Amino acid sequence: MSLLAIDIGGTKFTMALFERGEMVRRESRATDREGGREWMVERIREIGLDWAERAPFTAIGVGFGGPVDYAAQQVVLSTHVGGWDGFDLPGFLREAFQAPVLMDNDANVGALGEGLHGAGLDQRPLFYMTLSTGIGGGILTENGVLRGADSYAGELGHINIRPGGPECLCGSNGCFERMCCGLWLEQDHGRPAHELLTDPVFVERYVIDLARGLKAVIMLLNPARIVIGGGISKAGDALFIPLRAELRRQITSWSRARIDVVPAALGDDSVLWGAYELARQAQGDSQ
Ligand SMILES: [Zn+2]
């Protein structure tokens, strides 16, 4: 039994092969923005066909870096790479590899990964947030991923935390993603995020905006734990200790909701482990 997991992000895609619950192969490639969607799906097919020669896939799970209509199993769009609007990615993969496919938004898939294999074990409701090129959120309850009526639950990146702030790619102003994600940090401050986050003066200001977004999550959901994944979460204690302190400062005075915010335990593989879980579900559906 071999399951294929695919993580399609803003700047790269990663594929992993799982056998008997273990990740046995993993390959990551930088995104070719020029080539867009066609370039990427062709690479995925090449690598997959090479792997499938040894053992055909029994099922496939996909985490996609952009909004996904889960019920229709279709990509809505990618804000980072062209050509994805309405693309039937599961259909393409089903035909290429002759196996059942399930796809979801990468933050929902990351929530599954961290909730079942990482820092969110037995923590429900769990809120998982990716903090990298963009910002995405996923909610995992005792009954699985909470997707909402139209697959848009957890889309925290575009709540406005600084009204009148700088314009976001979505057309609004001062969005959480606009103020806190890696792409904009580098553009606004002229240094990459990982470098900025070693500067305590910068971090002190940065956690104010970060805590504003996370306060909304705590007030709305009262999560047992918040797990943050993505490149920026690798800053570790230098970020998380001031972030927790700032959240304690911002949280409403009478709230006794816990402030439990930790980095992802699976590093770059939260989405791959979640996609592995989706593949297991797809396999169940096909039987
Ligand atoms: Zn926005």
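How many bridges join strand 8 to strand 9, and do they run parallel or antiparallel? I counted six bridges between strand 8 and strand 9 (residues 135–141), and the two run antiparallel.

**Ground rules.** I am working from a predicted model, where local features need pLDDT of at least 70, side-chain atom pairs count only at pLDDT 80 or more, and totals for chains, interfaces and linings use all residues. Residues are numbered from 1 along each chain as its sequence is written. Helices (H or I, at least four residues) and strands (E, at least two) are DSSP runs, numbered from the N terminus.

Entry 1: I traced an open sheet of five strands in the order 10-9-8-11-12, with mixed pairing; two strands pair if DSSP finds at least two bridges between them. Its edge strands are strand 10 (144–145) and strand 12, each pairing on one side only. I also looked up Phe-127, and its bridge partner in strand 9 is Ile-139.

**Entry 2: Leu-126.** This residue lies in strand 8 (residues 126–131). Is Leu-126 buried or exposed? Leu-126 counts as buried because it has 26 C-beta neighbours inside 10 Å. The cut-offs are 20 or more other C-beta atoms within 10 Å for buried, 12 or fewer for exposed, and partly exposed in between, with C-beta atoms placed from the backbone. Leaving aside neighbours within four places in sequence, I found Leu-126 in contact with residues including Ala-111, Leu-140, Pro-223 and Val-227; contact needs C-beta atoms, placed from the backbone, within 7 Å. I noted too that the C-alpha atoms of Leu-126 and Ile-139 are separated by 5.8 Å, although the two are 13 residues apart along the chain.

**Entry 3: helix 7.** Next I followed helix 7 (residues 200–221), which has 22 residues. From first C-alpha to last it reaches 30 Å, close to the 32 Å expected, where the expected span is 1.5 Å times one less than the number of residues. Where does helix 7 bend? The bend is at Tyr-206, by about 25 degrees, taken as the angle between axes fitted to the seven residues ending there and the seven starting there. Tyr-206 is also one of the buried residues of helix 7, among them Val-207, Leu-210, Leu-214 and Ile-218. I remembered that an α-helix has 3.6 residues a turn, so residues three or four places apart point the same way. The cover over the buried residues of helix 7 includes helix 4 (176–180), strand 11 (225–229), helix 8 (237–250) and strand 12 (261–263). After helix 7 comes Asn-222, with a positive phi near 45 degrees.

**Entry 4: strand 4 and its partners.** Strand 4 (residues 57–64) is largely enclosed by the rest of the structure, because seven of its eight residues are buried. Seven bridges join it in parallel to strand 1 (residues 2–8), and Leu-3 has Ala-59 as its bridge partner in strand 4. Strand 4 also runs parallel to strand 7 (residues 101–105), with five bridges. There I saw Ile-60 opposite Val-101 and Phe-64 opposite Asn-105. Strand 7 is mostly covered, with five of its five residues buried.

**Entry 5: two domains.** The domain assignment, automatic or from a database, gives domain 1 (2–105) and domain 2 (119–265). Their contact takes 11 residues from domain 1 and seven residues from domain 2. Their centres, taken over C-alpha atoms, are 26 Å apart.

How values were computed: Contact = placed C-beta atoms within 7 Å.
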